[in-house]
Amino acid sequence: MTWPDIVPGPVGTPSPEFARRREAGPLAPATMPSGDRVPVAVGYDDVRAVLSAPASSRDLRGPGLPRMVSGTAMDDDPVSLINQDPPVHTRYRRILSGPFSPRHTEPWRPRVAAVAQGLLDGLGTDFELVQAYAMKIPGRVICDLLGVPTDHHTQFIRWTDMFLSTSTATEQARYQGYTDLIGYAAELVAEHRRTPGDDLVDMLIAAGDEHDRLTEAEVVNAVYSLITAGYETTAAMISRGVLRLLLHPAQWAELVADPELADTAVEEVLRYDGPPANPFMRRMTEDTDIPSGPLPAGTVVLPLMNAANHDPRAFPDPSRFDIHRFAGHTHRPHVAFGYGPHRCLGAALAKIELTEAVKTLAVHRPALSLATPPETIPWTDGLVLRPLTLPVTTA
């Protein structure tokens with residue numbers, strides 16, 4: 001099977017390939033956009049086992065190793081947090097955990113809510129939700145947190161679109177997008193060193209403990225990672241989450257009647273529709289046994305997190321979207337943000353942005369509905385899956 005067969009369907013519905021693979025080939029190979037074939041783990045327990053195994057390495061550098069997309073320089077960057085293994089990764093993660101902890105990100109909630117409210121204030125009864133709302137919220141929040149002009153978020157779109165594409169951009173264009181964004185992050189860090197302030201870049205520069213600090217390259221990569229992971233993927237989840245809720249008008253009505261349901265609704269959105277990107281394969285450095293079978297040393301495997309989130313052994317009736325599923329504490333946790341040492345560092349901020357985006361719509365646009373049949377909605381074809389456009393109406 002190929003990449004399009006193992007990602008969600010055209011309206012974000014679970015791929016029917018998930019269920020077939022779980023029963024017939026839980027570690028069967030699939031062809032990546034690069035043309036490389038790798039085994040794909042689809043079961044909940046298998047995915048968590050791969051993500052948490054001590055022998056599961058993110059270091060895919062070296063000749064002949066599979067790639068998700070050919071020509072992606074981010075796979076070869078040894079400083080990038082997503083490419084590191086312990087003990088280097090452990091140190092980097094420890095230093096960064098403070099600025100991205102729930103305790104430090106929760107005070108940003110009012111800023112996120114204000115951004116969402118301000119965007120809605122400028123929209124009429126009919127608007128295109130992706131560009132006018134979903135893309136702008138994380139773009140403006142990141143610009144605010146990093147202390148850069150808000151009009152720079154248009155540059156983020158151009159750069160991330162280039163290196164997250166699977167078909168429309170050449171290898172040279174993807175590499176250029178990556179290097180341009182890294183260069184921008186380096187200039188941003190240099191400017192904050194010249195003129196210190198009190199935003200997130202300053203926190204990253206100062207992050208550490210009494211014995212250790214991030215190197216210059218590590219600070220730059222942290223800023224780059226925040227822009228890429230915190231912008232495009234968050235925007236995709238807002239787009240997909242709102243679409244999912246509008247496809248279930250009775251549950252949207254419940255959310256309108258009780259906006260505090262947004263917290264549990266977002267958890268179900270993340271399970272059902274997340275993660276919007278799944279490009280991070282693992283290389284096994286030792287022979288490793290997972291529930292569905294052995295992974296010999298040297299195997300490069302793709303743990304498919306959205307397939308794991310639709311495993312009926314973890315989530316009863318997984319194809320049913322239910323904003324009450326995560327009420328209480330009897331459920332198993334979804335893996336939309338990953339699992340183990342590489343669980344998404346920005347998960348707390350992403351959940352704040354998604355929750356406030358949904359809640360603001362429920363409070364201030366209660367009559368929101370799709371203005372076009374869902375089957376006509378165009379979708380991206382890159383590593384991050386989201387609607388290209390999402391016309392909505394409140395009339």
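This is a predicted model: local features need pLDDT of at least 70, side-chain atom pairs count only at pLDDT 80 or more; totals for chains, interfaces and linings use all residues.
Biologist: What makes you say that Arg 48 lies over the face of Tyr 339?

Modeller: Arg 48 is 4.0 Å from the ring centre of Tyr 339. A charge sits over a ring if NZ of Lys or CZ of Arg is within 6 Å of the ring centre and within 35 degrees of the ring normal. Arg 271 also has its charged end over a ring, that of Phe 315, 5.5 Å from its centre.

Biologist: Okay, rings next. How many aromatic pairs are there?

Modeller: Three. Rings of Phe, Tyr and Trp (its six-membered ring) pair if their centres lie within 6.5 Å; planes under 30 degrees apart count as stacked, over 60 as edge-to-face and the rest as tilted.

Biologist: So which kind is Tyr 272 with Phe 321, and why?

Modeller: Their centres are 5.7 Å apart and their planes stand at 90°, so the pair is edge-to-face. Tyr 272 lies in helix H13 (residues 262–273) and Phe 321 in the loop between helix H14 (305–308) and helix H15 (347–364), so this pair ties together parts 49 residues apart in sequence. Helices (H or I, at least four residues) and strands (E, at least two) are DSSP runs, numbered from the N terminus.

Biologist: And what do you call the pair of Phe 315 and Phe 326?

Modeller: That one is tilted, with 6.4 Å centre to centre and 55° between the planes. Together with Tyr 44, Phe 315 and Phe 326 form one aromatic cluster.

Biologist: How do you know whether Phe 315 is buried or exposed?

Modeller: Check the cut-offs: buried means under 20% relative accessible area, exposed over 50%, partly exposed in between (1.4 Å probe, protein chains only). Phe 315 has 2%, so it is buried. Phe 326, at 6%, is buried too.

Biologist: What about strand S2 (residues 37–41) and S8: parallel or antiparallel?

Modeller: Parallel, over two bridges. Two strands pair if DSSP finds at least two bridges between them, so two bridges are enough.

Notes. Residues are numbered from 1 along each chain as its sequence is written. Side-chain values use heavy atoms; hydrogens and water are left out.
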